[in-house]
Amino acid sequence: MKNENISLWQRRIADKKSSGLKLDDWCALNQLTKHAYYYWKRKLADLEISSSDASLFVEVPAEPAVKKGTASDTMLIQ
């Protein structure tokens, strides 16, 4: 995928958002099809997800098991 296409469609999608126009009207004004708009919107979203540095999975340490008969397990009745 060419960087020029990516940059062009990033600008187009931002322009659509800021225009306040309905998609049909914006596409007619810019001589584009809705199919092309949705195609590139999805492509850019996929690129953003695949290039993000953040991991989708995070390791969560397990809490230590409580042994029966320990102070934290026993209830004192007075």
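The model is predicted: local features need pLDDT of at least 70 and side-chain atom pairs count only at pLDDT 80 or more, while totals for chains, interfaces and linings use all residues. Residues are numbered from 1 along each chain as its sequence is written, and side-chain values use heavy atoms, with hydrogens and water left out.

Next, display the chain as a cartoon. It has three helices and zero strands, and its pattern along the sequence is α-α-α. Helices (H or I, at least four residues) and strands (E, at least two) are DSSP runs, numbered from the N terminus. Contact means heavy atoms within 4.5 Å; among contacts between residues at least 6 apart in sequence, 41% join residues at least 24 apart.

**Helices H1 and H2**

Select helix H1 (residues 3-19) together with helix H2 (residues 23-30). At what angle do H1 and H2 pack? The angle is about 125 degrees, and the axes are 10 Å apart. Axes are lines fitted to C-alpha atoms, for helices over the stretch in contact, and angles run from 0 to 180 degrees between N-to-C directions. H1 and H2 are therefore oblique to each other; angles under 35 degrees count as roughly parallel, over 145 as roughly antiparallel, 65 to 115 as roughly perpendicular and the rest as oblique.

Now show the side chains where these helices meet. Arg12, Asp15, Lys16 and Ser19 in H1 meet Leu23, Trp26 and Asn30 in H2.

Keep Lys16 selected. Lys16 is buried yet has no salt bridge, and the nearest side chain of opposite charge, Asp25, is 9.1 Å away. A salt bridge is a side-chain nitrogen of Lys or Arg within 4 Å of a carboxyl oxygen of Asp or Glu. Lys and Arg count as positive and Asp and Glu as negative, whereas His and the chain ends are not counted. Leaving aside residues up to four places away in sequence, Lys16 touches Leu21, Lys22, Leu23, Trp26 and Tyr37.

Move to Asn5, which also lies in H1 and is partly exposed at 32% relative accessibility. Asn5 and Trp40 are 35 residues apart in sequence and 9.3 Å apart in space, C-alpha to C-alpha.

**Gln31 in the loop**

Select Gln31, in the loop between H2 and helix H3 (34-51). Gln31 has a positive phi of about 55 degrees although it is not a glycine. At 75% relative accessibility, this residue counts as exposed.

**The salt bridges**

Side chains of opposite charge can pair when their charged atoms come close. How many salt bridges are counted here? The count comes to two.

For one of them, select Lys34 and Asp24, whose closest N and O atoms are 3.3 Å apart. Lys34 lies in helix H3 and Asp24 in helix H2, so the pair ties together parts that are 10 residues apart in sequence. Lys34 is partly exposed at 38% relative accessibility, and Asp24 is partly exposed at 48%.

Finally, select Arg42 and Asp46, whose side chains meet in a salt bridge (3.3 Å, N to O). Being four residues apart in helix H3, they are separated by about one helical turn. Arg42 is exposed, with a relative accessible area of 57%, while Asp46 is partly exposed at 36%.

How values were computed. Buried means under 20% relative accessible area, exposed over 50%, partly exposed in between (1.4 Å probe, protein chains only).
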